[in-house]
Amino acid sequence: MLEKFDKQYLRIAQIWAENSYAKRLKVGAIIVKDKMIISDGFNGSISGFENNCEDENGKTFPYVLHAEANAISKIAQSNNSSKDSTLYITASPCMECSKLIIQAGIKRVVYSDEYRIKDGIELLKKAGIIVDKIPL
C-alpha cells in the first residue's frame, strides 16, 4: 500500500546518502513514525574510526555500518521507539540489517534500488513486514 509521502521520504533518504564517504555505493535511510522523521543514517564508519569505507582495492572495511543499522542505532540512543515505524532506504537491506529491522519493531520497509542479494527482503516478508519497492 503506497502512501502519499513515500517518494518524498525516499528522496530525503537519497539526499542523506550523499553524506556517505563510500566510493562504491552511497546508501541513505530514514525512519518515519506518525509522519515524523525520528532517525536517519547513511553507510559509514563506526564512531571513532576514520570515515573511509573501502580499502585501496575497493573492498569495504568490516567496521563500516550500513545506513539502516546506523539509523536503528541512533534510535537505541534516544528516547524514541521504532516500533510500528517505516524505514525508507535507498537500497534494499541485507540479511544482517533485516534482522535488526525485525528486532527494532519496524513494520514497513520502502526502498528504491534492489541490492544484488535479496535474502534480506525475503526474511522481512517471512516476518510479516510490509516491503515496497518504489523506483525514483
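Analyst: Contact, or touching, means heavy atoms within 4.5 Å. By that cut-off, and not counting residues up to four places away in sequence, S81 touches K33, I38 and I75. The model under discussion is a predicted one.

User: Where is S81 found, and why is it called partly exposed?

Analyst: S81 belongs to the loop between helix 2 and strand 5. Its relative accessible area is 37%. The partly exposed class runs between the buried limit of 20% and the exposed limit of 50%, and therefore S81, at 37%, is partly exposed.

User: How far apart are the C-alpha atoms of S81 and C94?

Analyst: These C-alpha atoms are separated by 22 Å, while the two residues are 13 residues apart along the chain.

User: What makes S85 count as buried, and which residues is it in contact with?

Analyst: S85 also lies in the loop between helix 2 and strand 5. Its relative accessibility is 0%, and buried means under 20%, so S85 is classed as buried. Leaving aside neighbours within four places in sequence, S85 is in contact with I31, V32, K33, G105, I106, K107 and R108.

User: What is the phi of D84, and how do you know which accessibility class D84 belongs to?

Analyst: D84 has a positive phi of about 65° although it is not a glycine. Most residues other than glycine have a negative phi. D84 is found in the loop between helix 2 and strand 5. At 43% relative accessibility, D84 falls between the limits of 20% and 50%, and so counts as partly exposed.

User: What makes I101 a buried residue, and where is it placed?

Analyst: The place of I101 is in helix 3 (residues 95-103). With 0% relative accessibility against a limit of under 20%, I101 counts as buried. Leaving aside neighbours within four places in sequence, its contacts are I72, L87, P93, I106, V109, L124 and I129. I101 and I75 are 26 residues apart in sequence and 12 Å apart in space, C-alpha to C-alpha.

User: Which residues of the largest nonpolar core touch the most other members?

Analyst: This core has 20 residues, of which I31, L87, I101, I106, V109 and L124 touch the most other members. Strand 1, helix 2, strand 5, strand 6 (108-113) and helix 4 (119-126) each supply at least two of its residues. Helix 2 gives the most, with four residues. A further core of eight residues lies apart from it, and includes Y9, L10, A13 and I30.

User: Which residues is L87 in contact with?

Analyst: Beyond its neighbours within four places in sequence, L87 is in contact with A29, I30, I31, E68, I101, I106, R108, V109 and V110.

User: Why is the pair of F61 and Y63 called stacked?

Analyst: The structure holds five aromatic pairs. In the pair of F61 and Y63, the ring centres are 5.2 Å apart and the planes stand at 5°. F61 is partly exposed at 23% relative accessibility, and Y63 is partly exposed at 24%. Elsewhere, F5, Y9 and Y88 form one aromatic cluster.

User: What lines the largest pocket, and how do its residues divide?

Analyst: The largest pocket, of about 440 Å³, is lined by 23 residues, with R24, L25, T60, H66 and Y115 nearest its centre. Helix 2 (67-76) and strand 5 (86-91) are the elements giving two or more residues to this lining. The lining divides into 15 nonpolar, four polar and four charged residues.

User: What volume does the second largest pocket have, and which residues are closest to its centre?

Analyst: The second largest pocket has a volume of about 340 Å³. Of its 17 lining residues, E3, K35, T86, Y88 and K107 are the closest to the centre. Helix 1 (6-17), strand 1 (28-33) and strand 5 each give two or more residues to this lining. The lining divides into six nonpolar, two polar and nine charged residues.

How values were computed:
Residues numbered from 1 in each chain as written. Predicted model: local features only at pLDDT ≥ 70, side-chain atom pairs only at ≥ 80, totals over all residues. Heavy atoms only, no water. 1 Å grid on protein atoms, 1.4 Å probe; cavity = no way out; pocket = protein on both sides within 12 Å on 5 of 7 lines; lining within 4 Å. Points joined across faces, edges and corners; volume = space filled by probe spheres on them. Nonpolar A, V, L, I, M, F, W, Y, C, P; charged D, E, K, R; others polar. Core = buried A, V, L, I, M, F, W, Y, C linked by side-chain atoms within 4.5 Å. Buried < 20%, exposed > 50% of the residue type's maximum accessible area, 1.4 Å probe, protein only. Phe/Tyr/Trp six-rings, centres within 6.5 Å; stacked < 30°, edge-to-face > 60°.
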